Amino acid sequence: MPNSAAEKYDVLVLGAGPGGLAAAVSAHENGARVLLVERERKLGGILKQCVHDGFGLMRFKERLTGTEYAQREIDRFHALNIDVVTESFVVDIQPTDGTYLVTTQSAAGMCRYECKAIILACGCRERTSRQVFIHGDRPAGIFSAGTAQYFVNIQGKMPTKKCVILGSGDIGLIMARRLTLEGAEVVGVYEIKDAPAGLSRNISQCLNDFDIPLHLSTTVTEVFGQERVEAVAVEQVDKNFQPIPGTRQVIDCDALILSVGLLPEIELPNMLALPIDPATKGPVVDQTMMTKAAGVFACGNVLHVNDLADWVSVSGEAAGRSAAAYCTAPRTWNDNATALQYERGDFLYALPQYFDPTASEPLTLYFRSREDVAGKRVTLDLGGEKAAFSKKYRRLIPSEMEAVTVKEAASGTVYQLTMHN
Amino acid sequence: MEMICIVCPNGCRLEVTGTGDDITVTGALCPKGVDFAHTELTAPLRSLTSTVATAFPLVPRLPVKTRGEIPKGKMHEAMAQIRAVRVTKPVKVGDVILADVFGTDIIATGNAGEVAA
């Protein structure tokens, strides 16, 4: 531990992707003294490698690339002269008497910061090949889609000449197009489920436009090659994801690219022993984005994996506002906060997991349906005479998140989300 | 026929009936979807995003995009032009990297060089 006195801040924001940038700006604008901590050299998080467009339609009313979206947020952040440290990695967080002592590691050595509030904005990670069950060797050439994206878009190096993509998540679809445009052959995208995981528009513009086939209910069951991937075996699967005999096919390729989902990065939440929601796989929060540790807030993909960066920014702003308010009027987790009730059969997940009637922040509720459903009504009961929210949705699909903002105050004695006809 | 509108992440499922200029589009949440269906059936357009090489060791690639849209069938040809570029002077978001590529410009979508910080 370093001996030097810890530098004091109101709010430490951990992570400088869209969530952390928005949180830092919002906490600053609400009067807090803020330090933004980032482990990479540059700000922007994963948006740095998102050269594709479709970002910002909600936040900027314009269609931007991920890099343009990031630059706008970075410019806004720098214009406010908020303190920032980069290439700094959080190694320890200790709660002390009403404050937190955060230790970072960087090329300059260890630094200590004392702060009243922390905003976790550490984003999400890709599931790895070890988290999906694939038999065979472990040669070079097995990449996550994000790693392939980093090679192509940041380093300008092609990781493959001919590849198979396993999983139909958006990054995999985006990379299918990107690799094709850069001259690689994408043999096909293989999805174990009977429906694609990514957005419909990405199936259309990334696969159909380039005649890349999408094989549903099909998965990779074996990888061949000692030094480098030489081929993979694919097989069709039944309803229980078991391979169907006689459907095995061996495909020559030099890479297997995995786009098999994202998970909140909960290393720091675990360090703080925060309760994790098994549905969102991120820490549990109330509508102010405060976790069960007083003064620790969370936003963006560490809470749940969003499909739009715009929503990450929205939750960052809420967390920044709440953290700044906490610094002037500290509060503890309200044990009487109402826990969100919903049917697991109807919703994949919904959050915030708690509604604290004593907190002033308006409620923004995020949810995903479990199934592809049409013409269903979703109602939120917050204990008022009328429903806090009720809307009939033309269509709800698991891959497209819905958000609902409730401005009117309600008793909050009930906090229940239902799906009905 | 059915098509997916690719204008925004909503990805509306469009149902298109009729032929030629006399088509009816249903299922679009906004007028852009109707325009998309018309263009898609006559002369489909796409925006193209990519990267170009730079001379800057810390930022070896600069992200770029077409300012407007180009014909769908010209994406590979546009890529060949983009691949030939190497940026040697500092650039920032919006700067023209390659002028007049199939009726539009290729512009920077990131900063590189002295202003890259």
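**Helix 2 of chain B**

I started with helix 2 of chain B, residues 75–83, in this predicted model. I asked which of its residues are buried. I found Met75(B), Ala78(B) and Ile82(B).

**The rest of chain B**

Next I looked up the domains of chain B. The assignment gives domain 1 as 2–42 and domain 2 as 49–116. I noted that the centres of these two domains of chain B, taken over C-alpha atoms, are 30 Å apart. I also checked confidence: chain B has an average pLDDT of 92, and 97% of the residues score at least 70.

**Chain A**

I moved on to chain A and its elements: seven helices and 28 strands. How does its radius of gyration fit that of a compact globule? For 421 residues, such a globule would have a value near 22 Å, and chain A has 22 Å, so the two agree. I wrote down the box filled by the C-alpha atoms of chain A too, roughly 65 × 60 × 40 Å along the principal axes. Of the 421 residues of chain A, 49% count as buried. For contacts in chain A between residues at least 6 apart in sequence, I noted that 64% join residues at least 24 apart.

**The complex**

Terms used. Residues are numbered from 1 along each chain as its sequence is written. Chains are lettered from A and ligands numbered from 1 in the order in which they are written. This is a predicted model: local features need pLDDT of at least 70, side-chain atom pairs count only at pLDDT 80 or more; totals for chains, interfaces and linings use all residues. Helices (H or I, at least four residues) and strands (E, at least two) are DSSP runs, numbered from the N terminus. The radius of gyration is taken over C-alpha atoms; the globule rule is 2.2 Å times the number of residues to the power 0.38. A residue is buried if 20 or more other C-beta atoms lie within 10 Å of its own, exposed if 12 or fewer, and partly exposed in between; C-beta atoms are placed from the backbone. Two residues are in contact if their C-beta atoms, placed from the backbone, lie within 7 Å. Domain bounds come from an automatic or database domain assignment. pLDDT is the predictor's confidence in each residue, from 0 to 100.
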